[in-house]
Amino acid sequence: MALLEVRNLSVDFETTSGRFRAVDGFDLTLDPGDITAVVGESGSGKSVAFLAMMGLLPWTATITSDVMKFDGNDLRSITPRSRRQIIGKDMSMIFQEPMTSLNPCYTVGFQIKEALRIHLGMDRKARHARAIELFEQVGIPAPETRLSTFPHQMSGGMNQRVMIAMAIACKPKMLIADEPTTALDVTIQAQILELLTSLQEETGMALVLITHDMGVVAETAQQVSVQYAGQKCEQQEVTALFERPHHPYTAALLAALPERATTKHLPTIPGVVPGQFDRPKGCMFAPRCSIATELCHTTPPPVGGAEIGFARCHTPINLKAEEEA
Amino acid sequence: MLNFLLSRLMTFIPTFIGVTLISFSFIRVLPGDPIIVMAGERGMSDERYAELRAQFGFDQPLVSQYWDYMTGVLQGDLGTSFVTKKPVFDEFFALFPATLELSLCAITLAILLGIPAGVIAAINRGKFFDRALMSSALVGYSMPIFWWALLMIIFFSGWLQWTPVSGRISLMYFFDDVTGFMLIDSLLAGGNSISLFPFEADGPFFSALSHLVLPTIVLATIPLAVIARQTRSAMLEVLGEDYIRTARAKGLPPSRITYVHALRNAMIPVITVIGLLVGTLLAGAILTETIFSWPGIGKWMVDSIYRRDYPVVQGGLMLIAVMVMVVNLTVDVLYGLINPKIRKS
Ligand SMILES: Nc1ncnc2c1ncn2[C@@H]1O[C@H](COP(=O)(O)OP(=O)(O)O)[C@@H](O)[C@H]1O
Ligand code: SF4
Ligand SMILES: [Mg+2]
């Protein structure tokens, strides 16, 4: 049985200027131990989709889905109380901004032990021992003394390690890492990614890596789901995706990778992800797509089959038939 | 922490000098001559006037008057009242407990009601309780104090006859002044009795308490409104922070998120505001004290200003300012205790 199964998840926000669909028909299936990357530019609805699963969206959000199951629990009908017994324990999440994601008023030790008490009911001594063990596991030097420091006394990288330690404290079955390295220095980024993949290997948990950086994807994930303006536009196994992207957006993201650049200047995708007020009528990507046709501007494209990575495009690229011809 | 305290104490010196300058000049820029006021309707001869001027040192240039005043201050001598001929220092500390007792009761009431009200309003943002509370806070904040006090007096003292109108305690009770706080001294004095059916409370303590109730409510009104609003807005801001999302992502129960994770952070700005409020309460109980004939420093200052009692006004203002500075220092220390970022630096 799949660990996580999400079908047709949509999230609408009630805003002062009307309804806004931030996530539109998101699908994801995850088996235990899977590593999946969700890629897309900022504003594509990646965070919102997973916050919806965690139940962390504000009340202005309306969440609808056909299926949303985690580890046998139906997340659509779950009571807040039962959800609290799952999140932070079996399903946990870390965020983009390590410096603001920890409470400035409490020591990092307090914040990590809190989870151990709530979910595992450990006594004081056991919590302390486990916290030290966790700090060692995530590579925080001198764990004993670090436990009593405050978040502002540590670097962003260290704080993200604390966040990771907190997230894996109760041996979760799935860890959602939402742009865990975006706010960090490049050298630290690599360390944190390495930590995440090695922890995944060690514990066998499923890992969802949310990122806007295709470069990060190549090194870590097995499956990749590409997200644009609230919609999934393509999903493939990582090597296949890199070799043969079927959606023009995926191709554009790949072309923007530094190691793939053919000129001195990095090609970037012109324009930005459409927001609440400029969502196009047809294909969401049409205003920025280099091969858009009249049809693209008027009619939303269908979702393709598995053989073309479920590409949501009128004219998917890199088709087998094309190359053979 | 020690460095922090020392550096705060260093800033006391210029503030203190500024305060003495202001309190010294304040009474002197007011029109009216203290000697004429003292003479009353009888008036006085020019020779007597000149003699008195010389006696009080008013014939000296202002600079040397200030110099004399400051030399006195540094030796702990604030001069003697023109009217009562008692040292200003002694008068101040004889009256200060009354003001302190009233202010402490008022700020305690304001904190005990204001913080929970602000928290509940914040977590019920936009709902009925929130709207009702914020509207009443606005009313409380903008209501003229004397009018509010009169309403309370008419209702509770006049109509219901529950509470006395003025003073600190009924004239029938006499007891030793131990702490200067009526509530404590009257308990120490004994002779209190209470029965529930039928409700009857008798004795000096209940007399003191019933005298205290109305002035406390009146004086607490504005701080209560300010604290409730501040708490609400601080809570709303904190509840939107990333670390609150982290706390929720941990699966913590809502009560723990509100009271452990959010409230402590929200208290940081609220404590600053409370500190400022205590300062203004000490200084600003004037209206309340005057209306309820509360024998504290507020009423004393008002009376002294009318009498152009220079030493009392300048000394009293200075002592009030020092009290406010002490309160602010205490708040800074508290602030450091609650906010680890300050403690470090
Ligand atoms: N609480 C909210 N209210 C209204 N709109 C929101 C809210 N949170 C996110 N959005 C909008 O939803 C869209 C998707 O946001 P997000 O999931 O954060 O994107 P990503 O994580 O892919 O960068 C954005 O356009 C964002 O402005
Ligand atoms: S449907 Fe058209 S506009 Fe959209 S990605 Fe495909 S080709 Fe581009
Ligand atoms: Mg995001």
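**View 1. Chain B as a whole.** Buried residues make up 36% of the 345 residues in chain B, where a residue is called buried if 20 or more other C-beta atoms, placed from the backbone, lie within 10 Å of its own, exposed if 12 or fewer do, and partly exposed in between. This is a predicted model, in which local features need pLDDT of at least 70 and side-chain atom pairs count only at pLDDT 80 or more, while totals for chains, interfaces and linings use all residues. Residues are numbered from 1 along each chain as its sequence is written, and chains are lettered from A and ligands numbered from 1 in the order in which they are written. Chain B has 15 helices and two strands, these being DSSP runs numbered from the N terminus (helices are H or I with at least four residues, strands are E with at least two). The C-alpha trace of chain B spans about 85 × 60 × 35 Å along its principal axes. Among contacts in chain B between residues at least 6 apart in sequence, 72% join residues at least 24 apart; two residues are in contact if their C-beta atoms, placed from the backbone, lie within 7 Å.

**View 2. The surroundings of B:Ile35.** B:Ile35 has its place in helix H2 (residues 34-39) of chain B, and this residue is partly exposed because 18 other C-beta atoms lie within 10 Å. When residues up to four places away in sequence are not counted, B:Ile35 touches B:Tyr49, B:Leu52 and B:Arg53. B:Ile35 and B:Arg308 are 273 residues apart in sequence, yet they are 8.5 Å apart in space, C-alpha to C-alpha.

**View 3. The contact between chains A and B.** Chain A brings 24 residues to the contact and chain B brings 18 residues. On the side of chain B that touches chain A, helix H10 (242-249), helix H11 (254-284) and helix H15 (340-344) of chain B each supply at least two residues, and H10(B) gives the most, with seven residues.

**View 4. An open sheet in chain A.** Six strands of chain A form an open sheet in the order S7-S8-S9-S3-S10-S11, with mixed pairing; two strands pair if DSSP finds at least two bridges between them. Strand S7 (91-94) and strand S11 (231-237) of chain A stand at the edges, each with a single partner strand, so one side of each is left without a neighbour in the sheet. Strand S3 (residues 35-39) and strand S10 (residues 223-228) of chain A pair in the parallel sense over four bridges, and A:Val39 stands opposite A:Val226 in S10(A).

**View 5. The shell around ligand 1.** Among the 15 residues around ligand 1, those that come nearest are A:Phe13, A:Ala22, A:Lys46, A:Ser47 and A:Val48, a residue being near a molecule if its C-beta atom, placed from the backbone, lies within 6 Å of it. Strand S1 (4-15), strand S2 (18-30) and helix H1 (46-54) of chain A each supply at least two residues of this shell, and H1(A) gives the most, with three residues.

**View 6. The shell around ligand 2.** The residues that surround ligand 2 include A:Cys283, A:Cys289, A:Cys296, A:Cys313 and A:His314.
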